[in-house]
Amino acid sequence: MTQPEGTHGQDSITDVGGLRVGHARVEGPGALSGTTVVLGPEGGVVAAVDVRGGGPGTRETDALDPRNVVQRIDAVVLTGGSAYGLDAAAGVMAWLEERHRGVRVGPEPSHVVPVVPAACVFDLGRGGDFTARPDAATGRAAVEAADAGGDHARVETGAVGAGTGAVVGGLRGGVGTASTVLESGVTVGVLVVVNAVGSAVDPATGALYGSYGDGGPPALPEPAVHAAAVRRLAEAHAASAPPPLNTTLAVVATDAVLTRAQAQKVAGTAHDGIARAVRPVHLMNDGDTVFALATGVRDLPDGPGPLALNEILAAGADLVTRAIVRAVLAAPGGLRGPSGDFPSYGELYGTGAGAYSPRADGS
């Protein structure tokens with residue numbers, strides 16, 4: 001999948017008009033965690049969720065069931081800190097309440113209850129301090145950063161926000177993003193946080209799993225480089241305690257008009273993109289969760305009934321795969337600390353080895 005002409009140029013989730021992304025990091029010694037917020041436009045967005053991992057940590061996801069009363073939401077929170085970090089959503093909720101954004105429950109404009117779905121990754125103690133995790137203040141900082149960023153702003157990737165302390169299969173993980181404009185003119189964008197039990201790397205070649213099939217086979221690393229990487233990873237694994245709990249999170253967004261049931265289908269199909277890029281996936285100690293958002297400014301393309309949705313379903317899964325690759329490539333130098341030794345893919349192979357390279361702007 002290539003980036004079509006006529007996009008806003010960021011190749012990120014913020015190419016879906018009205019969506020903004022903000023990151024915040026937990027401060028202090030021993031801290032290696034943070035929060036990422038995807039903020040919708042005034043009036044909110046249609047939203048849905050699909051949870052596949054065996055160990056999820058979530059908040060307000062039941063509200064997104066199409067059978068339930070909430071029709072639109074204003075923000076989604078992705079956070080580190082395991083279940084403790086879900087407190088970050090309270091800071092986002094307070095920020096929205098101050099702006100009278102949420103589900104109206106009374107006669108006054110201020111009588112609102114913001115519904116803020118959230119999901120967490122496990123990164124407790126990665127920086128050395130088990131108690132250094134996101135809270136309401138972290139969530140507020142992230143939503144303020146999102147609001148200040150403006151429309152179509154560049155999204156920072158790598159070890160930022162909820163991906164600050166992320167690891168994937170013994171390598172450093174993080175945040176990635178991607179987008180495309182479909183032939184119909186509909187825009188689809190994705191944001192991921194990669195922190196998985198499974199690996200993103202083919203052990204036989206050193207290529208990233210997600211790079212296969214994207215414009216042809218990847219350029220494989222030189223055998224000697226791969227052999228050295230395998231040795232380095234073996235040493236790192238020997239020095240590290242196995243991460244006990246992990247998760248890959250994703251937000252798939254579109255400017256199309258979708259029902260909540262259609263959005264739920266988009267969220268479910270997008271899990272295929274995780275499975276193409278991380279193996280194995282959806283394990284008992286993963287909490288893999290995908291949110292789908294629809295801003296509803298462009299009609300679905302003409303098609304035979306529900307089949308008009310297919311274009312978005314396919315694009316969402318493809319973009320999740322691409323965003324995971326970008327997250328791994330954007331990871332900075334290896335993470336070495338009290339929780340173990342987690343080299344980055346670039347440190348082992350170089351950012352261009354075994355995958356398409358990230359764009360010059362880092363996305």
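## Sheet and helix packing in a predicted model

User: In this predicted model, which residues of β13 lie on one side and which on the other, and are they buried or exposed?
Analyst: One face of β13 carries Thr-247, Leu-249, Val-251, Ala-253 and Asp-255, and the other carries Thr-248, Ala-250, Val-252, Thr-254 and Ala-256. Both faces are covered. For the strand, residues 247–256, the count is 10 of 10. The residues on both sides are all buried.

User: What is the order of the strands in the open sheet that holds β13?
Analyst: The sheet has five strands and mixed pairing. Its edge strands are β3 (46–51) and β11 (174–181), each of which pairs on one side only. From one strand to the next the twist averages 15°. The order is β3-β14-β13-β12-β11.

User: In which sense do β13 and β14 pair?
Analyst: β14 covers residues 289–298, and seven bridges link this strand to β13. Within the pair, Ala-250 stands opposite Val-290. The sense is parallel.

User: Which residue of β13 is the bridge partner of Leu-191?
Analyst: β12 spans residues 187–195 and pairs with β13 in the antiparallel sense over eight bridges. β12 is also joined to β11 by eight bridges, again antiparallel. In that other pair, Val-181 stands opposite Thr-187 of β12. For Leu-191, the partner in β13 is Val-251.

User: Which strands does α5 touch where this helix packs on the sheet?
Analyst: α5 comprises residues 310–330. The direction of α5 makes about 40° with that of β12. The strands touched are β11, β12 and β13.

User: What is the handedness of the β-α-β unit that β13 makes with α4 and β14?
Analyst: The helix of the unit, α4, spans residues 260–277.

User: How is α1 oriented relative to α2: roughly parallel, roughly perpendicular or oblique?
Analyst: α1 (residues 88–98) and α2 (residues 136–149) have axes 6 Å apart and pack at an angle of about 50°. That angle therefore makes α1, relative to α2, oblique.

User: What is the handedness of the crossing of α1 and α2, and which residues meet there?
Analyst: From α1, the contact involves Ala-88, Ala-90, Gly-91, Val-92, Ala-94, Trp-95 and Glu-98. From α2 come Ala-136, Gly-139, Arg-140, Val-143, Glu-144 and Asp-147. The crossing is right-handed.

Technical notes: Residues are numbered from 1 along each chain as its sequence is written. This is a predicted model: local features need pLDDT of at least 70, side-chain atom pairs count only at pLDDT 80 or more; totals for chains, interfaces and linings use all residues. Side-chain values use heavy atoms; hydrogens and water are left out. Buried means under 20% relative accessible area, exposed over 50%, partly exposed in between (1.4 Å probe, protein chains only). Helices (H or I, at least four residues) and strands (E, at least two) are DSSP runs, numbered from the N terminus. Two strands pair if DSSP finds at least two bridges between them. A crossover is right-handed if, with the strands pointing away from the viewer, the path from the first strand over the helix to the second runs clockwise. Axes are lines fitted to C-alpha atoms, for helices over the stretch in contact, and angles run from 0 to 180 degrees between N-to-C directions. Angles under 35 degrees count as roughly parallel, over 145 as roughly antiparallel, 65 to 115 as roughly perpendicular and the rest as oblique. A crossing is left-handed if the near helix is turned anticlockwise from the far one by less than a right angle, and right-handed if clockwise. Contact means heavy atoms within 4.5 Å.
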